[in-house]
Amino acid sequence: MSETQVPNRFSIFHRGLAKGPAYEAWREGICRGFCRLDVGPTDDNRIDCHNEFTLLHTVAIATPRGGSARFARTRPLLNDGCDDLVLVFATRGTVQVTQGSKAIEITRGQMCLTEMNIVGTADLTQSGSFTTTRFPRRLLLQVAPSAETQLARTLGRDLALSAMIERYSALCTDLAGDLDLPGQQAAAHHLADLVGLVLGSSAEQKELVAWDGIAKARLELMKADVLKNLDNGKLTIEAIAKANALSTRQAQRLFASEGTTFSEFVLEQRLLMARRLLLHEQGSGRKVSDIAYTVGFNDLSYFHRSFRRRFGIAPAEMQMELRRWH
C-alpha cells in the first residue's frame with residue numbers, strides 16, 4: 001500500500017506474508033517505482049516494512065522502518081544499466097550488507113558504499129535498521145575521485161562527520177516537499193560534499209568541500225534549529241551555536257557567508273511566520289499581540305514597526321484585509 005504526499009516524496013508499506021496481491025504491489029512499487037531493487041523477507045516469509053522515499057534532484061534517499069525486509073540488487077535487475085553509488089548508513093543496531101561475494105557488517109553510525117552494477121543486499125531486521133542515499137556515480141566522483149577505492153568496506157570513523165551526515169539527510173527528507181528545484185539541487189550537492197569527506201577528496205577539493213559542504217550543511221542545521229524555536233523570545237546565537245558544536249564567532253561567519261546576520265535571519269523568519277498566522281483563517285480571531293508573542297516578539301512596538309517596514313502594512317490592517325476577503 002502506498003500514500004503519495006508530494007511529487008518528490010512518498011511512502012509505501014507492507015506488513016504480512018511475502019505473497020499475494022498486496023505484497024506484489026508493494027514489491028513492484030519499490031522495485032520499479034523508485035529503488036530499482038527487489039525485496040523479500042529476511043526470515044519467516046513475512047514482511048514488516050514501511051519505506052519513505054525522498055528525491056532531491058538526482059539524489060534519492062530511502063528510509064525503511066520495521067523488522068523484516070531484504071533489499072536486493074539481483075542479477076536480472078543489472079540489465080537496467082544503473083551504475084549509481086549507494087551509501088548505506090546504519091541508524092540502529094547491526095546491519096548486514098553484501099556486495100557480490102563480500103559481506104559487510106556495520107553498526108550504528110557506520111556506513112558502507114555500494115554500487116548498483118553489482119549484485120548485493122541490505123537487511124532490515126529487528127536488530128538493525130538503516131537509510132540509503134543513492135548518488136549518480138559522476139556526482140560523487142566529482143567531490144571524491146577516489147570514492148571507488150572505498151567500496152564495500154566499513155566507513156565512519158569520524159563520529160562528528162557521521163552525525164552531520166545523518167542529521168543533514170534527515171533534514172533533507174523533512175524539508176524535501178518545501179524545496180523548489182534549485183533548492184533540491186543545492187541540498188543534493190551539500191549532501192554529496194559531506195559524503196565526499198568520508199570517502200576522501202583531493203587536496204584542492206578537500207579545502208573547498210570542507211567549506212562548501214560542512215559549512216553550508218551546518219548553516220542549514222542552524223537555520224532549522226531557529227525555525228523550531230521561533231517562539232523562544234530569548235533565542236540567542238550562542239545557544240544555537242552551542243547546539244551545533246560551534247563557537248559563536250563560527251556561527252556568525254556562517255550567517256555572514258550568506259550576506260546576513262543571525263538577528264536578521266531570526267527577525268525575517270518571525271515576521272514571515274507572523275504574516276502566515278495573520279493570513280490564516282484561524283488567525284482572523286486572534287489578537288495581534290497574541291500572534292506577536294507566539295512567534296517570539298517580546299516588544300509589541302518593535303513588532304509593529306518591523307512588520308510595517310517589511311510588508312508596508314500594519315499587522316491589524318493585514319488581518320482586516322483577510323476578514324474582507326471572507
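Phe-10 is buried, at a relative accessible area of 17%. The cut-off explains the label: buried means under 20%. The model described here is predicted.

## Aromatic pairs

Nine aromatic pairs turn up in a search of the whole structure. In one of them, the ring centres of Phe-10 and Phe-53 lie 5.0 Å apart. Their planes meet at 45°, so this pair is tilted. Phe-10 sits in strand β2 (residues 9-17), and Phe-53 sits in strand β4 (residues 46-56). The pair therefore ties together parts that are 43 residues apart in sequence. Phe-53 has 0% relative accessibility, so Phe-53 counts as buried.

## Rings along helix α10

The rings of Phe-303 and Phe-307 have centres 5.7 Å apart. Their planes stand at 55°, so this pair is tilted. Both residues belong to helix α10 (residues 300-311). They are four residues apart, which means about one helical turn separates them.

Phe-303 is buried, at 0% relative accessibility. Phe-307 is buried, also at 0%.

Strand β6 (residues 85-99) pairs with strand β7 (residues 102-107). The sense is antiparallel, over six bridges. Gln-99 has Lys-102, in β7, as its bridge partner.

Two residues lie between the strands of this hairpin. Gly-100 takes a positive phi there, near 60°.

How values were computed. Residues are numbered from 1 along each chain as its sequence is written. This is a predicted model: local features need pLDDT of at least 70, side-chain atom pairs count only at pLDDT 80 or more; totals for chains, interfaces and linings use all residues. Side-chain values use heavy atoms; hydrogens and water are left out. Two strands pair if DSSP finds at least two bridges between them. Rings of Phe, Tyr and Trp (its six-membered ring) pair if their centres lie within 6.5 Å; planes under 30 degrees apart count as stacked, over 60 as edge-to-face and the rest as tilted. Buried means under 20% relative accessible area, exposed over 50%, partly exposed in between (1.4 Å probe, protein chains only).
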